[in-house]
Structures are given as structure tokens and as C-alpha cells.
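Colleague: I am new to this one. Can you take me through the model, piece by piece?

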Amino acid sequence: MIAAIQVVMTVTQLTDSKLVGLMLGGDKEAFAELYRRRQRDVYRFALHMSGARDMAEDVTQEVFMMLMRDGSSYDETRGSVNAFLLGIARNYVLRRLKQERSFVLMGQSGTEEVSASNDLASATDHLESIARNEEIRSVQNAILSLPAHYREVLVLCELQDMSYADAAGVLGCAIGTVRSRLNRARKMLMEKLRPVRDETESAERLKSARCFA
């Protein structure tokens with residue numbers, strides 16, 4: 001029992017690249033630890049890129065199956081394990097999107113809906129909660145509407161806090177290209193969200209007016 005605990009502690013303390021090496025040697029604990037660490041990043045990337053939870057789950061499984069089959073292709077000198085996995089995820093997502101030619105937008109089927117509260121929250125709080133969730137869905141849908149090469153850099157750098165260098169590794173392009181695409185993606189997103197912001201501001205002004213009515 002003590003030996004097993006020591007093995008687990010050792011595995012959790014290793015770097016991702018060390019875990020890949022152990023996994024290639026047949027260490028199941030190393031693979032399990034890699035999955036625990038990086039599954040969420042892969043899933044979130046696929047979800048933000050596609051808007052479809054089923055697709056995100058499928059892509060995540062495919063990425064880690066690919067890691068088991070072809071983990072030897074990982075080169076530590078070319079980037080992190082996380083960037084390597086997201087690069088694989090990107091290829092799968094783009095392939096699936098080309099095949100399906102459609103998005104399941106956030107807020108439609110396959111997304112989490114806001115559950116009804118069982119407590120006696122006030123009507124004002126309830127309406128504000130609805131407004132917040134509508135705004136979140138608007139942002140998610142605006143991101144999904146961006147062309148894939150702008151969407152992916154926004155997801156990596158803004159939603160997953162990836163460095164320009166790592167994002168460039170995932171996308172297979174120069175750091176300067178990442179910067180220029182991200183700048184363009186931000187502008188496009190702001191333009192798409194402008195009607196939403198105007199509507200929100202109008203609602204806030206209406207709310208303030210009601211307070212003095």
C-alpha cells in the first residue's frame with residue numbers, strides 16, 4: 001500500500017515530458033496522470049472551437065488515443081506536451097468541422113441550461129441572472145461565428161491563456177502571425193458584440209429609470 005502511494009506521488013511530481021517517456025515504456029499510471037492534467041485543456045479547446053459538447057468529447061478521446069499510438073512523435077525541443085496535444089486536437093476539430101459544415105451553437109441543444117432555483121430569489125435577481133447568461137451565450141456564439149483561423153488563436157491566447165510562442169507551436173505558424181491574427185480576431189469579436197453591448201446598455205438605462213419612477 002505504501003509503495004503504491006509512493007508511486008502515485010512520484011508520478012504526480014513529474015513533468016509532462018517525463019510522463020510521456022514513461023507512457024511510451026508502458027507505464028499506465030503515467031498515461032493516467034497525463035490524462036488527468038491535460039484532458040480539460042483539450043476538451044475546452046475543442047468545445048470553444050466547435051460549440052458542440054459531443055464533438056468535444058469525441059475529439060478529446062481521439063487525441064489521447066493518438067497520444068498512446070503515436071506519442072513517440074512528440075519532440076520536447078519543439079514545445080510543451082500541452083501544445084502538442086492541442087495541435088492534435090486542432091487537426092481533429094478542423095477535420096470534423098469540414099465534414100459536418102455546421103455548428104451547434106452555445107445555448108442550443110447540447111449545452112448546459114441554467115437550472116431553476118429552488119429558493120425564493122427575487123424577480124429582479126432572476127431577470128439579472130437570465131440577462132447574464134444570455135450575454136455569455138452571445139459571446140460564445142460570436143466566437144463560434146469567427147473564421148476558424150481567427151477563432152483558434154482567440155481560444156488559445158484569450159480563453160486558455162496560452163503564450164504566443166506556444167500558440168504558434170500549436171498552429172504551426174510564426175509568432176508574428178499569432179499576434180496579427182489575434183489582433184484581428186479581437187476587432188472582429190468586438191464588432192460582432194457591439195449590438196449586444198448596445199442592448200445591454202439600453203437595458204441598464206431602463207433599469208435605472210425604473211428606480212426613479
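**Helices, rings and buried residues**

Modeller: Start with helix α2, residues 16–24, in this predicted model. Its buried residues are D16, S17, L19, V20 and M23.

Colleague: Within what arc do the buried residues of α2 fall, seen down the axis?

Modeller: The buried set includes L19, V20 and M23. An α-helix has 3.6 residues a turn, so residues three or four places apart point the same way. The buried residues of α2 line one face of the helix, because they fall within an arc of 155°.

Colleague: Where is G71 found, and how far is it from V20 in space?

Modeller: G71 sits in the loop between α4 and α5. In sequence, G71 and V20 are 51 residues apart. In space, C-alpha to C-alpha, the distance is 7.0 Å.

Colleague: Is G71 buried or exposed, and which residues does it touch?

Modeller: The cut-off for buried is under 20% relative accessible area. G71 has 2%, so it is buried. Not counting residues up to four places away in sequence, G71 touches V20, M23, L24 and M66.

Colleague: How many helices and strands does the protein chain have?

Modeller: Read the pattern along the sequence: α-α-α-α-α-α-α-α-α. The count is nine helices and zero strands.

Colleague: How many aromatic pairs are there, and what is the geometry of F31 and F64?

Modeller: The structure holds three aromatic pairs. In one of them, the ring centres of F31 and F64 are 6.3 Å apart. Planes over 60 degrees apart count as edge-to-face. The planes of F31 and F64 are at 80°, so this pair is edge-to-face.

Colleague: How many residues apart in sequence are the parts that F31 and F64 tie together?

Modeller: F31 lies in helix α3, residues 28–50, and F64 in helix α4, residues 53–70. Both F31 and F64 are buried. The pair therefore ties together parts of the chain whose separation in sequence is 33 residues.

Colleague: What is the centre-to-centre distance in the pair of Y35 and F64?

Modeller: Y35 is in helix α3 and F64 in helix α4, 29 residues apart. Their aromatic pair is edge-to-face, with 65° between the planes. Centre to centre, the distance is 4.8 Å.

Colleague: Where does E152 lie, and which side chain does it join by a polar contact?

Modeller: E152 lies in helix α7, residues 148–159. The relative accessible area of E152 is 1%, so it is buried. Leaving aside neighbours within four places in sequence, its contacts include F45, M49, L94 and R181. A polar contact of 2.8 Å joins the side chain of E152 to that of R90.

Colleague: Which residues of α7 are buried?

Modeller: E152 is one of them. Just after α7, D161 takes a positive phi of about 50°. The buried residues of α7 are Y150, R151, E152, V153, L154, V155, L156 and C157.

Colleague: Which residues is R96 in contact with?

Modeller: R96 lies in helix α5. At 17% relative accessibility, R96 counts as buried. Leaving aside neighbours within four places in sequence, its contacts are M55, D58 and E62.

Colleague: What is the mean pLDDT, and how many contacts has the stretch 107–121?

Modeller: The mean pLDDT of the protein chain is 79, and 70% of its residues reach 70 or more. Over residues 4–8 the pLDDT stays under 50, and the model has zero contacts there beyond four places in sequence. Residues 107–121 also have pLDDT below 50. Beyond near neighbours in sequence, the contacts of this stretch in the model number eleven.

Terms used:
Residues are numbered from 1 along each chain as its sequence is written. Side-chain values use heavy atoms; hydrogens and water are left out. Helices (H or I, at least four residues) and strands (E, at least two) are DSSP runs, numbered from the N terminus. Buried means under 20% relative accessible area, exposed over 50%, partly exposed in between (1.4 Å probe, protein chains only). A polar contact is a pair of N or O atoms within 3.5 Å; within protein, one must be able to donate a hydrogen and the other to accept it, and residues adjacent in sequence count only if both atoms are side-chain atoms. Contact means heavy atoms within 4.5 Å. pLDDT is the predictor's confidence in each residue, from 0 to 100. Rings of Phe, Tyr and Trp (its six-membered ring) pair if their centres lie within 6.5 Å; planes under 30 degrees apart count as stacked, over 60 as edge-to-face and the rest as tilted. The arc is that of the directions from the helix axis to the C-beta atoms.
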